[in-house]
Amino acid sequence: MALITRPPKNLGFLLLIVALLGGSLLPIQSRINGALSTKLGDPVTASTISFCMGLVALSLLAVMLPKARRAVVGIPRVLKRGEFPWWYLLAGVVGTFTVASQSVVVPALGVALFTVALVTGQSIGSLVIDRIGFGPGGPRRISATRLIGALLTVGGVLWAVSPRLELANHLGQIVLPVVCTLIVGVLLGFQSAAVGVQANAYGSALAATFMNFLVGTLILGLVLALRWSANGMPQSFPSSWWYYSGGLLGCIFVGVAAFLVRRLGVLVTGLSMICGQLLGSLLLDLLVPTAGTVLSPATVAGTVLTMLAAAIAALPSRSAPAEARRTV
């Protein structure tokens, strides 16, 4: 796998800003998909709609942009040559888990708690993925700063969800959604790495994002067909356009990650987008709270601790080999 070189300082700063803005889209998508799920009373239908809208948007872009169109048309040739393991295509399945968790968990926990749990899993997942070497930058060892950052992240999420633990009548009401979200967050680390590798192989981040949404849409379409055959379709669909914009935000999020991971590495890309997610989720729950939102001082403090933990984990280790540092 090709090594990732550190970008020039000014360009690196701009890339970090892009990562922050891209990360801030995920909480908005979470709120939209959660609202659509509540409106329909069916998280599977809401998830499928989100993926379909994202796939339509990516298909239109591929038609309009010649370079992206050539990359998408060339995907079968790349797959036939076996330039990456076939199971990297399962990144699209991770996307279905993410969207489904948004549809189910956000209405119950609120965006802030959902995002803190999600980014905790992302921090841990990014460490593991970088260590194993799934990403385009190859393997990186787990340094002391990364391990401390991951442990502090776990402490941050526990602090952030502590008010909800006190309010829950049954422990399972909060623990199960949080644990499921943590697992999805870990899988997001694999998704970023796999989509980044595919972007290298296809020569286009848009083509990699397209494949991610195509696989996810096919999986969700099969599940939806089985569900509708058993329970029938929802009686009505919301008329407001914004209910259907979650898929567009999702494809921008995945596309930004695919673009940045080749330049910044899995860990730095993930942690930078995590900071954007945390800031965006806090602002959403502060300005447009939902009925299930719990935004207390502990939630804010836990979120801040999680952001600090992400920054600590991103610090380079002095003992790390110089070649490894150039891969970030």
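Both F84 and Y202 are buried, where buried means under 20% relative accessible area, exposed means over 50%, and partly exposed is in between (1.4 Å probe, protein chains only). Before we go on, please keep in mind that this is a predicted model, in which local features need pLDDT of at least 70 and side-chain atom pairs count only at pLDDT 80 or more, while totals for chains, interfaces and linings use all residues. Residues are numbered from 1 along each chain as its sequence is written, and side-chain values use heavy atoms, with hydrogens and water left out.

**Aromatic pairs**

How many aromatic pairs does the structure hold? There are 7 aromatic pairs. Rings of Phe, Tyr and Trp (its six-membered ring) pair if their centres lie within 6.5 Å; planes under 30 degrees apart count as stacked, over 60 as edge-to-face and the rest as tilted. One of these pairs joins F84 and Y202 edge-to-face, with 5.8 Å from centre to centre and 80° between the planes. F84 sits in the loop between α4 (75–81) and α5 (91–109), and Y202 belongs to helix α8 (residues 172–202), so this pair ties together parts that are 118 residues apart in sequence. Helices here are DSSP runs (H or I, at least four residues), numbered from the N terminus.

W242 and Y243 form a stacked pair, 4.0 Å centre to centre with 20° between the planes. W242 is partly exposed at a relative accessible area of 33%, whereas Y243 is buried at 12%.

Ring pairs also link F84, W87, Y88, F190 and Y202 into a cluster.

**Salt bridges**

A salt bridge is a side-chain nitrogen of Lys or Arg within 4 Å of a carboxyl oxygen of Asp or Glu. By this rule the model has 2 salt bridges, and here they are:

| Salt bridge | N to O distance |
|---|---|
| R227 and D42 | 2.8 Å |
| R81 and E83 | 2.7 Å |

Which parts of the chain does the pair of R227 and D42 link? R227 is in helix α9 (residues 205–231) and D42 in the loop between α1 (9–40) and α2 (43–64), distant parts of the chain, 185 residues apart. R227 is partly exposed, with a relative accessible area of 30%, while D42 counts as buried at 6% relative accessibility.

How values were computed
Helices (H or I, at least four residues) and strands (E, at least two) are DSSP runs, numbered from the N terminus.
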